[in-house]
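Dear colleague,

Please find below the structure that I am handing over to you. A summary of the findings follows it.

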Amino acid sequence: MLGFAVRRIATLVPTLFVIITLSFLIIRLAPGGPFDEEQALSPAVRANLDAAYGLDQPLLTQYLRYLGGLARGDFGPSFKFRDTAVADLIAQGLPVSLTVGLAAVLLAVLTGVPLGVIAALRSNTTADHAVRTLSALGVALPSFVVGPVLALVFGLYLDWLPVAGWEAGRPRYLVLPVITLALPVMAYVARLTRTSFMEVMRSNFIRTARAKGLDEWRVLLHHGLRPALMPVVSYLGAATAFVITGSLVVETVFGLPGTGRYLVQGALNRDYTLVMGMIIVYGAITLLCNLIADLLYGWLDPRVRHD
Amino acid sequence: MTERGLWLEGLKRLRRNRAAIVAGAVLLFMLLLAFAGPALSPHDAETLDWEHIAVAPQFSAAGHWLGTDRLGRDLFVRTLQATQISLLIGLLATAVSLLIGISWGALAGYLGGRTDELMMRAVDVLYSLPYLFIVIILTTVFARGNVYVLFMAIGAVGWLTMARIVRGQALSLKQKEFVEAAVVAGVATPGILVRHIVPNLLGPVIVYATLAIPQMILYESFLSFLGLGVQEPLASLGSLINQGARDIESAPWILLVPAGFLVTLLVCFNFVGDGLRDAFDPRER
């Protein structure tokens with residue numbers, strides 16, 4: 001297990017390096033600079049700006065300087081938020097995004113798995129059809145439709161919950177964003193669990209466990225659920241990417257001060273350092289979550305560790 | 001079984017799939033509506049009707065059938081034009097992703113060995129990233145609102161699944177006698193790829209392409225919703241939904257009309273794609 005973990009972690013560093021280098025190259029080699037869209041600047045001002053941000057240096061120097069900064073946790077100054085470091089923006093936004101994201105993944109797993117199990121155990125009943133319809137809808141509905149519609153129904157018509165805002169993370173303000181974010185993941189988890197649980201429950205070792213006279217609950221939870229969760233665990237890596245993408249929408253719709261909104265605004269303002277910093281942070285988070293999912297998978301299934 | 005027999009079998013299976021048939025009919029109707037509908041309405045997409053700002057749907061021949069937006073533009077015509085744009089970008093992006101995915105997958109699968117491993121490893125790495133971010137970088141650096149950049153960028157990140165499917169097909173085709181015969185006859189590798197490998201894997205590829213279209217439409221709408229995609233005066237379903245989401249309180253139809261169109265479009269494409277896959281892809285049975 002340790003060897004597997006080390007090998008898996010070793011692939012992480014080069015991948016992150018590739019992300020950093022690629023996004024640096026795309027952004028620096030692209031036509032146009034960050035100051036092009038403002039009013040025409042006099043050449044002297046322009047030269048001063050370029051010098052202040054180090055844009056007059058050769059590309060390689062800029063790259064090395066950026067890497068050096070990253071190693072110290074410095075993502076450089078934001079081009080558009082004057083006098084603000086990108087690292088500060090990230091430090092402000094990340095707790096919000098992480099809270100919402102983690103809550104959404106937890107909610108998705110804690111509701112998706114039981115729904116899938118119920119659907120599998122009562123297959124072809126009303127309950128099963130209900131779960132399948134729900135998961136088909138959950139997968140098909142985009143979050144930028146679900147979010148505003150939930151806000152319309154629960155925030156305005158029923159007036160149960162606030163429509164937008166953060167208020168230092170008070171739970172009332174979290175409900176709608178978290179549900180919006182969790183819905184597609186929950187739907188997919190329920191579908192995966194249903195399929196794999198049905199398959200597992202047909203296998204020989206389940207029959208053996210029952211023949212041994214084990215308690216049915218033990219058969220279901222210990223012998224059945226553990227192998228049935230494998231596809232769910234391996235999906236969780238991909239789910240992170242999904243949740244991060246969804247958080248861009250959810251933070252915009254519900255006005256949350258998270259990093260997703262900064263990324264969108266950075267892209268709209270052509271704030272290159274901000275966009276790059278966000279991409280690197282999100283890339284690292286995605287890789288980390290994939291790593292955790294893989295390790296969990298290796299722990300659940302001994303066969304994976306030895307290839 | 002002969003080629004023709006497989007086709008007929010598939011068609012028969014498809015005809016029995018009622019969900020796919022209904023979805024296909026709805027889809028056809030929507031296509032027709034999107035392209036012919038604007039001519040039916042007494043209004044056009046750009047005129048600002050100052051007498052009717054953000055009015056609810058009206059049910060008279062000369063009225064705004066699905067209401068108007070904040071600037072008094074007719075929502076029926078605007079939504080249909082947005083549907084055209086979304087469909088167009090979806091189709092073009094799918095074409096781009098097909099082009100890249102087929103080339104990449106066929107090359108990897110046919111060449112095999114080290115090359116295959118390296119190429120598919122790259123696909124794996126890209127797969128684990130939130131690919132929409134790459135599109136966001138691209139929309140940051142290139143002129144925003146450029147429809148060409150938009151569908152190229154979306155297509156350029158949507159090819160990964162296609163590459164995997166094509167590679168699998170190419171791997172198995174490589175073993176076939178007619179490919180061996182071509183090798184023995186001295187046909188060069190590019191010739192084999194173009195003449196023998198690619199034409200023979202198009203079947204499953206086309207089936208999966210129908211499932212890729214709604215994905216691409218979704219990406220485009222997502223970007224447009226965030227303001228990074230199609231720009232005014234053009235609109236896609238995503239940018240209309242964005243406008244609608246801004247004042248759900250006073251005028252919910254500005255949100256609900258384009259949202260309804262988008263969801264119907266996505267659901268129908270998915271049903272048709274699933275139906276085609278079940279009917280024509282033997283691996284699924």
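**The interface of chain A and chain B**

Chain A and chain B bury about 3,100 Å² between them, 82% of it on carbon and sulfur atoms. Please note that this is a predicted model. In the interface, 39 residues of chain A are in contact with 34 residues of chain B. On the side of chain A that touches chain B, the elements giving two or more residues are helices H2 (12–29), H7 (143–157), H11 (230–253), H12 (259–269) and H13 (272–300) of chain A. H7(A) gives the most, with eight residues. By class, this side of chain A has 30 nonpolar, eight polar and one charged residues.

**Salt bridges**

The whole structure holds four salt bridges over all chains. Asp128(A), Arg132(A) and Arg194(A) are linked in a network of them. Within helix H6 (residues 126–140) of chain A, Arg132(A) and Asp128(A) lie four residues apart, about one turn of the helix; their closest N and O atoms are 3.6 Å apart. Arg194(A) meets Asp128(A) at 2.8 Å, N to O. This second pair links distant parts of the chain, as Arg194(A) is in helix H8 (residues 171–201) of chain A, 66 residues from Asp128(A). Asp128(A) is buried, at 0% relative accessibility, and Arg194(A) is also buried, at 15%, whereas Arg132(A) is partly exposed, at 38%.

A further salt bridge joins Glu216(A) and Arg210(A) at 2.8 Å, N to O. Glu216(A) is partly exposed at 35% relative accessibility, as is Arg210(A) at 39%.

Yours sincerely

Note on methods. Residues numbered from 1 in each chain as written. Chains lettered and ligands numbered in written order. Predicted model: local features only at pLDDT ≥ 70, side-chain atom pairs only at ≥ 80, totals over all residues. Heavy atoms only, no water. Contact = heavy atoms within 4.5 Å. Buried area = accessible area lost by both parts, 1.4 Å probe. Nonpolar A, V, L, I, M, F, W, Y, C, P; charged D, E, K, R; others polar. Salt bridge = Lys/Arg side-chain N within 4 Å of Asp/Glu carboxyl O. Buried < 20%, exposed > 50% of the residue type's maximum accessible area, 1.4 Å probe, protein only.
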